[in-house]
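Please look over the sequence and the model first; the points below are grouped by topic.

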Amino acid sequence: MLSYQKLDVYQCSIQFIACAAVILSKLPRGSSYLCDELRRASMSIALNIAEGVGKPTEADRSRYWGIARGSAMECGAILDVCDTLKLTHPDHLEKCRHLLERIVSMLSKMMRF
């Protein structure tokens with residue numbers, strides 16, 4: 001197991017990708033712009049966490065975790081759009097939002113050190 005795989009924040013980001021995939025599978029035709037943005041942003045969270053772990057200095061790690069946090073915030077905004085447009089079930093949105101809240105909280109703490 002690689003060191004980033006042991007992090008709770010990374011595990012949550014992988015769970016969020018699965019949660020987002022359910023939303024993506026249920027979005028109606030004509031929503032490709034949302035699909036693309038959610039797919040990219042959700043992947044960016046996990047990828048930047050992993051890349052940050054591999055960086056040699058705290059400043060480098062913090063920068064990548066900041067990028068991951070920004071991607072998580074972007075995912076939250078995309079979920080807001082899906083909710084506003086009534087494109088997916090509110091219960092599933094809430095599950096995804098809960099994961100994002102945990103991810104953002106953990107990344108915020110990681111960036112402080």
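This is a predicted model: local features need pLDDT of at least 70, side-chain atom pairs count only at pLDDT 80 or more; totals for chains, interfaces and linings use all residues.

**Helix H1 and its neighbours**

Val9, Tyr10, Ser13, Ile14, Phe16, Ile17, Ala20, Ile23 and Leu24 of H1 are in contact with Cys35, Leu38, Arg39, Ser42, Met43, Ile45, Ala46, Ile49 and Ala50 of H2. By class, this contact of H1 with H2 comprises 15 nonpolar, two polar and one charged residues.

**H1 against H2**

- The axes of H1 and H2 come within 9 Å and cross at roughly 170°.
- Because angles over 145 degrees count as roughly antiparallel, H1 and H2 are roughly antiparallel to each other.

**H1 against H4**

- Helix H1 covers residues 8–26 and helix H4 covers residues 90–112; the two pack at an angle of about 155°, with their axes 9 Å apart.
- H1 and H4 are therefore also described as roughly antiparallel to each other.
- The crossing of H1 and H4 is left-handed.
- On the H1 side, the contact is made by Asp8, Val9, Cys12, Ser13, Gln15, Phe16, Cys19, Ala20, Val22 and Ile23.
- On the H4 side, the contact is made by His92, Leu93, Lys95, Cys96, Leu99, Leu100, Arg102, Ile103, Met106, Leu107 and Met110.
- The contact of H1 with H4 has 15 nonpolar, three polar and three charged residues by class.

**H3 against H4**

- H3 and H4 pack with their axes 9 Å apart, at an angle of about 160°.
- H3 and H4 are therefore roughly antiparallel to each other.
- Their crossing, that of H3 and H4, is left-handed.
- The residues of the contact of H3 with H4 divide into 15 nonpolar, four polar and five charged.

**Length and burial of H1**

- The 19 residues of H1 should span 27 Å at 1.5 Å a residue, and the C-alpha atoms at its ends are 28 Å apart, which agrees.
- Val9, Tyr10, Cys12, Ser13, Phe16, Cys19, Ala20, Ile23 and Leu24 are buried in H1.
- These buried residues of H1 pack against helix H2 (32–53), helix H3 (58–84) and H4.
- An α-helix has 3.6 residues a turn, so residues three or four places apart point the same way.

**Length and burial of H4**

- H4 has 23 residues and reaches 33 Å from its first C-alpha to its last, close to the 33 Å expected at 1.5 Å a residue.
- Buried in H4 are His92, Leu93, Cys96, Arg97, Leu99, Leu100, Ile103, Val104, Leu107, Ser108 and Met110.
- The cover over the buried residues of H4 includes H1, H2 and H3.

- Glu101 lies in helix H4.
- Glu101 has a relative accessible area of 52% and is therefore exposed, the cut-off for exposed being over 50%.
- Between Glu101 and Gly76 there are 8.8 Å in space, C-alpha to C-alpha, while the two are 25 residues apart in sequence.
- Lys86 is found in the loop between H3 and H4.
- With a relative accessibility of 67%, Lys86 counts as exposed.
- The phi of Lys86 is near 55°, which is a positive value in a residue other than glycine.
- Most residues other than glycine have a negative phi.

Terms used:
Residues are numbered from 1 along each chain as its sequence is written. Side-chain values use heavy atoms; hydrogens and water are left out. Axes are lines fitted to C-alpha atoms, for helices over the stretch in contact, and angles run from 0 to 180 degrees between N-to-C directions. Helices (H or I, at least four residues) and strands (E, at least two) are DSSP runs, numbered from the N terminus. Angles under 35 degrees count as roughly parallel, over 145 as roughly antiparallel, 65 to 115 as roughly perpendicular and the rest as oblique. A crossing is left-handed if the near helix is turned anticlockwise from the far one by less than a right angle, and right-handed if clockwise. Contact means heavy atoms within 4.5 Å. Ala, Val, Leu, Ile, Met, Phe, Trp, Tyr, Cys and Pro count as nonpolar, Asp, Glu, Lys and Arg as charged, and the others, Gly among them, as polar. The expected span of a helix is 1.5 Å times one less than its number of residues. Buried means under 20% relative accessible area, exposed over 50%, partly exposed in between (1.4 Å probe, protein chains only).
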